[in-house]
Amino acid sequence: MSDDCVSEARASDVPASGAPASGAPAPGEEGNPLRRLSLGELRRRTSAKWRTYPPDVLPLWVAEMDAMPAGAVTRALTGALALGDTGYPSGSGYAEALDSFARKRWGWDGVVPERTATVADVMRGSVEMLKLVTGPGDAVVVSPPVYPPFFGFVEHEDRRVVEAPLGADGRLRTSALEAAFRRATAGGRRAAYLLCNPHNPTGTVHTRAELTAVAELANAYGIRVVADEIHAPLVLPGAEYVPYLSVPGAEDAFCLLSASKAWNLAGLKAAVAVAGPAAADDLARLPQIVGHGPSHFGVVAHTAVLRDGGDWLDAVLTALDGNRRLLGELLEQYLPDVRYLRPEGTYLAWLDCRALGLGDDPAAVFLERGRVALSSGLPFGTGGAGHVRLNFAASPEVLTDAVRRMAVAAGR
């Protein structure tokens, strides 16, 4: 390991940026939630991010942020525990909080609580929406490279995956969508399009024009659209989140929203399915048993941050914008041959490492030689070979150390 890299012993014992071991913010850094915890404190966590790999590995793979929860989460959950409120979820409070958040944050009035359902999480909810409008053997179109469960969940429900790959710029291609829609509906079969907006792993935030074109094509081919919009609150400066249900022609679509990614609540499962006006009758057919999936604590926490967690979210967005810029500078300095599609949203960076000559799975090389865990591009489907996904929701110090380790691993 290069002497430039922070040694594991120092990184484990010394808080990143000098934060106190208690996790309290250091003077002058109260506004950056990603600089609250030392690497040693983070390694005490028992979640997948920190327990999948040995302690000498820097984990920048799975979508978990290195942040303490928003105060609204702590208050809501400790309050529930104090009451012994540990039962089953009930009511429409989550949908109502999401409606209020959407109006204030996005100027969108499309989260009508009467056209919503609380579901276990966005991926499971997406599958339930697909089951409402397709049957076994029908096709579901996806746009790779895309979040790997899009393949696994769809195939598990006995649907066929049809690909409409993104362009080299990480954006939707009308020609690819039309060709995929034509294949998916051949023979008069029903079909759906599982849209990722903002897109994981590229961080692309689809524009209103792009989404309108999707709706036009979907209507032309009789395709029902289900939009996974879990990263909607994580759109960074310079881009604008456009809810798919807000564009003309999307009235018969569904979208899935959740506070889990933006407020780092993956362990507190809950999400909201929203139906467009012309899809309300379909949503009414959702089996009642589906509503048994969400966690009561998930609903409590998500509702709390949608109502009272805006300041925390704004601080995270500022920190992520800084890390997005820092990552570009680090790659230019240490790995200039890596192509970096600057993400417009999410805290995920899609890195084209093919010029490094590390083969189809450079993540394996970075792990073995550099002790940095990234997500392999291969499970993301077409366009994933030679790529990695990097989670930059970490302190600047950890991010800097990780890129330096990657450079050593690549022989740079």
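Let's start with Thr-346, which counts as buried because its relative accessibility is 0% (buried means under 20% relative accessible area, exposed over 50% and partly exposed in between, with a 1.4 Å probe and protein chains only). This is a predicted model, in which local features need pLDDT of at least 70, side-chain atom pairs count only at pLDDT 80 or more, and totals for chains, interfaces and linings use all residues. Residues are numbered from 1 along each chain as its sequence is written, and side-chain values use heavy atoms, with hydrogens and water left out.

Thr-346 sits in the loop between β9 (339–341) and β10 (348–352); helices (H or I, at least four residues) and strands (E, at least two) are DSSP runs, numbered from the N terminus. Its phi is near 70 degrees, a positive value in a residue other than glycine. Arg-371, in the loop between α13 (362–370) and β11 (372–373), also has a positive phi, near 60 degrees. With a relative accessible area of 22%, Arg-371 is partly exposed.

Finally, look at two cis peptide bonds. One joins Pro-144 and Pro-145, with omega about 0 degrees; another joins Asn-197 and Pro-198, with omega about -5 degrees.
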